[in-house]
Amino acid sequence: MDAGRKQVFQQEGCQGQVDSAESKLGKRHDLILLLFLGFAGLYAMRVNLSVAIVAMVRARPESQSLRDTEDVCPNPEVASENKHNPLKVESRGEFDWDEQTQGMVLGGFFYGYLLTNYLGGRLADRFGGRLIYGAGVTLTAFLTIISPSAARYSTNAFILVRVLEGMTEGVTYPATNVMISHWIPPQERARSISRSCGGTLIGTVITLSVSGWLTETEWGWPSVFYLSGFICLVWSWFWFRYAYDTPDDHPTISAAEKHYIRQSIGHHRGKMGQNVPWRSILTSVPFMTLVVAHVCHNWGFYCLLTELPTYLRNIQHFNMKQNGLISALPYMVMWVFNLTYSSYMDHLLETGKLSTKNIRKISMIIANHIPAAVLLLVPWVGCDRQRAVILICIALGSGGASTCGLHCGFQASNVADYNSLLIGIQHRRILFFFFLKRKCHITVIWCKKINK
């Protein structure tokens with residue numbers, strides 16, 4: 001807490017209460033825990049297909065024959081007498097999807113995701129982040145559970161379900177931003193956002209680790225969808241039971257914590273009805289800087305999130321169980337770095353050693369430039385499994401610094417400013433996700449050719 005605000009509290013005779021509320025665990029920390037678990041479930045439902053699709057799709061002869069020319073990494077699982085007969089390898093799978101169909105299946109989620117970002121923010125302002133976030137997770141859980149049936153019914157039905165999942169998940173981040181703007185004091189936001197959004201990494205780690213094992217069991221790939229969907233339905237009961245939109249709505253919050261939050265955040269303006277300042281948005285240099293930073297960071301993050309299991313299986317030839325564990329490792333590194341780095345940045349901010357602007361700049365340099373430089377080295381290590389995995393871990397791990405950079409820019413304490421920000425972010429997602437899958441496939445092909 002800065003010295004000026006502490007002085008105000010001392011003049012009001014509230015310094016003891018404020019220090020107590022700031023140092024103790026309170027209801028705002030309960031909210032962070034619920035958001036952490038919610039994001040873990042959301043990303044479990046988002047990334048489960050990345051591993052499951054490897055087991056769902058049977059190897060196509062034309063794809064296998066191309067390996068001799070595009071993929072020079074030897075497959076250690078293939079016996080010496082079968083090296084020249086790749087059609088016998090990994091031919092199991094229910095679905096005969098070519099690369100284009102797989103791209104549509106994997107990318108369907110993101111096409112739906114871009115449609116509801118702005119809607120989620122406006123609905124959260126009107127009806128509260130608790131309802132919109134909870135409904136987003138719950139509806140996505142139902143859609144995840146019916147995904148195996150949809151896939152077996154038809155490919156188009158499965159793609160439609162994935163699009164709908166993207167739409168229901170698309171409201172969750174805007175709803176989170178609304179709730180955080182009401183609950184979390186500015187001086188706690190870097191570490192609070194890191195801890196809540198850290199659920200995305202833990203959900204990714206657990207799902208990627210478990211999914212590879214589940215696909216090898218008698219329950220097969222459908223169990224990946226059933227398990228993640230059921231867990232999120234259980235979570236939804238706890239969310240609607242213990243989460244509240246604002247501190248004023250919470251029936252058991254202490255007076256000290258409520259006062260601390262109010263004094264730190266200030267007064268929120270009216271929720272709806274403001275005219276959207278389109279011209280100011282589109283001509284705002286800070287805002288456009290945030291958009292560019294988010295596009296650059298998310299492009300690499302989601303390409304790896306979606307394509308990493310396929311890369312590890314088709315190029316580095318890890319088996320399904322190894323694939324899940326190795327795919328999860330970079331996200332565990334990212335989570336640990338995220339927690340450590342955000343706590344240290346909050347310490348530097350509170351002690352006045354770095355300004356907020358410098359922390360944001362340094363964080364985005366680490367989050368964007370280090371992964372870019374490291375990922376350029378991946379094709380050059382060729383078929384060296386260990387070095388490739390180490391480089392990917394460094395790239396994704398350093399990306400965790402983005403929490404103290406661009407992500408802290410979303411939680412404006414002024415609701416009207418937040419809505420303006422969210423509208424522009426929606427346009428950023430439209431440009432980003434529309435080309436996501438095509439660019440990811442181009443990247444994978446480029447890596448193959450470099451390896452050759």
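Modeller: Let us begin at the start of H15, where a side-chain oxygen of serine 284 comes to within 3.3 Å of the backbone nitrogen of phenylalanine 287. Please keep in mind throughout that this is a predicted model.

Biologist: How do you know how the reach of H15 compares with what is expected of a helix?

Modeller: Helix H15, residues 285-314, has 30 residues and spans 43 Å from its first C-alpha to its last, which is close to the 44 Å expected at 1.5 Å a residue.

Biologist: Why is H15 called largely enclosed by the rest of the structure?

Modeller: Because 21 of the 30 residues of H15 are buried, the helix is described as largely enclosed. In the protein as a whole, which has 20 helices and zero strands, buried residues make up 54% of the 452 residues.

Biologist: Why is the pair of aspartate 30 and lysine 27 called a salt bridge?

Modeller: The rule asks for a side-chain nitrogen of Lys or Arg within 4 Å of a carboxyl oxygen of Asp or Glu, and the side chains of aspartate 30 and lysine 27 meet at 4.0 Å, N to O, so the pair is counted. The two residues are three apart in helix H3, residues 27-56, and therefore about one helical turn separates them.

Biologist: Are aspartate 30 and lysine 27 buried, partly exposed or exposed, and what makes them so?

Modeller: Buried means under 20% relative accessible area and exposed means over 50%; aspartate 30, at 38%, therefore counts as partly exposed, and lysine 27, at 24%, is also partly exposed.

Biologist: What makes glutamate 169 and arginine 46 a salt bridge?

Modeller: Their closest N and O atoms are 3.2 Å apart, which is within the 4 Å limit, so the pair qualifies as a salt bridge. This pair links distant parts of the chain, with glutamate 169 in helix H9 (residues 155-169) and arginine 46 in helix H3, 123 residues apart. Glutamate 169 counts as buried because its relative accessibility is 1%, and arginine 46, at 5%, is buried as well.

Biologist: How do you know that arginine 152 and glutamate 94 form a salt bridge?

Modeller: The side chains of arginine 152 and glutamate 94 meet at 2.9 Å, N to O, and the limit is 4 Å, so this is a salt bridge. Arginine 152 lies in helix H8 (residues 147-153) and glutamate 94 in the loop between helix H4 and helix H5, 58 residues apart. Arginine 152 is partly exposed because its relative accessible area is 47%, and glutamate 94 is partly exposed at 37%.

Biologist: How many salt bridges does the rule give?

Modeller: The count comes to eight, and Arg28, Glu188 and Glu257 are linked in a network of such bridges.

Biologist: Why is threonine 217 called buried?

Modeller: Threonine 217 lies in the loop between helix H11 and helix H12, and because its relative accessibility is 18%, under the limit of 20%, the residue counts as buried. The side chain of threonine 217 also reaches the backbone oxygen of leucine 214 at 2.7 Å.

Definitions and conventions
Residues are numbered from 1 along each chain as its sequence is written. This is a predicted model: local features need pLDDT of at least 70, side-chain atom pairs count only at pLDDT 80 or more; totals for chains, interfaces and linings use all residues. Side-chain values use heavy atoms; hydrogens and water are left out. Helices (H or I, at least four residues) and strands (E, at least two) are DSSP runs, numbered from the N terminus. Buried means under 20% relative accessible area, exposed over 50%, partly exposed in between (1.4 Å probe, protein chains only). The expected span of a helix is 1.5 Å times one less than its number of residues. A polar contact is a pair of N or O atoms within 3.5 Å; within protein, one must be able to donate a hydrogen and the other to accept it, and residues adjacent in sequence count only if both atoms are side-chain atoms.
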